[in-house]
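I set out to record what I looked up in this structure. The entries follow the order in which I made them.

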Amino acid sequence: MSRINKEYCIKLCLHSSAPIAASEQSFITRNATTFILRLSAWKSGGCPILFFVIQYKQQRQLDWNVLSPRIEPEEEYAKITNLTPSTWYSILVTAHNNAGPTEVEYVTSTLTLLGGTIEPEIVGEKEQLRKYKKSFNYCASELCCNCSRCCISSSVLPCLQEKRYKAFLIITKVKVLLDLRI
């Protein structure tokens, strides 16, 4: 790239954004053992995409497999092969341009050997965490309610008993006074 083109690109990129991620439908084509990623589905954000970094893993695994640390956008397609049929995967794509990187995680599955889709499972740690948090919040609120009931009961009950005792004393005094009058 010539010096003039570089300066023009830098000025252009000052008013541009990082790459814009493609939708899963336009980006990923899948079969039982392969994902084909259409890199051209990503938008540049006004500044040309310099390269992609693509990683993938089976859902619930910790370690990512690096497909390539640098895929040029001119390649147009990237293939992830030798996958397990009927299995959920995460695909982490980072696209870089002069305005900055964009990182997106796609969660998708391979097809069955007969070409069918599989049932969604609870995917991602965030979903699990949200479920646990919701459950915890429910338990915490129930615990607070029960503690409040105990506190109220322990403070009100003695007062009621004391009032009953005082009422008993007053009634007894009234009876005594009435008995004296008669």
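Entry 1: I began with Glu72, which is partly exposed at a relative accessible area of 29%. I took buried as under 20% relative accessible area, exposed as over 50% and partly exposed as in between, with a 1.4 Å probe and protein chains only. Arg70, at 46% relative accessibility, is also partly exposed. Glu72 and Arg70 form a salt bridge, in which the closest N and O atoms are 3.1 Å apart. The criterion I applied is a side-chain nitrogen of Lys or Arg within 4 Å of a carboxyl oxygen of Asp or Glu. The structure holds one salt bridge. Side chains of opposite charge can pair when their charged atoms come close.

**Entry 2: basis of the values.** I note that this is a predicted model, in which local features need pLDDT of at least 70 and side-chain atom pairs count only at pLDDT 80 or more, while totals for chains, interfaces and linings use all residues. Residues are numbered from 1 along each chain as its sequence is written, and side-chain values use heavy atoms, with hydrogens and water left out.

**Entry 3: the chain as a whole.** I found three helices and seven strands in the protein chain. These are DSSP runs numbered from the N terminus, helices being H or I of at least four residues and strands E of at least two. From the N terminus, the order of elements is α-α-β-β-β-β-β-β-β-α. Of the 182 residues, 26% count as buried. Among contacts (heavy atoms within 4.5 Å) with a separation of 6 or more, 63% join residues 24 or more positions apart.

**Entry 4: the sheet of four strands.** I traced an open sheet in the order β4-β3-β6-β7, with antiparallel pairing. β4 (65-71) and β7 are at the edges with a single partner strand each, so one side of each has no neighbour in the sheet. The twist averages 10° from one strand to the next, with axes as lines fitted to C-alpha atoms, for helices over the stretch in contact, and angles from 0 to 180 degrees between N-to-C directions. I counted two strands as paired if DSSP finds at least two bridges between them.

β3 and β4 are joined by four bridges, and Phe52 stands opposite Ile71 in β4. Eight bridges join β3 (residues 51-58) to β6, where Phe51 is opposite His96. On to β7 (residues 100-109), β6 has 10 bridges, and His96 stands opposite Pro101. Two residues separate β6 and β7, which form a hairpin. How many residues of β6 are buried? In β6 (residues 88-97), nine of the 10 are buried.

**Entry 5: the sheet of three strands.** I then followed a second open sheet, ordered β1-β2-β5 and antiparallel in its pairing. β1 (28-30) and β5 (77-80) are its edges, each with a single partner strand, so one side of each lacks a neighbour in the sheet. Here the twist averages 20° from one strand to the next. Four bridges link β2 and β5, and Lys79 in β5 is the bridge partner of Ile36.

**Entry 6: Cys47.** I located Cys47 in the loop between β2 (35-38) and β3. Is Cys47 buried or exposed? Cys47 is buried, with a relative accessible area of 0%. Its C-alpha atom is separated by 6.6 Å from that of Asn98, 51 residues apart along the chain.
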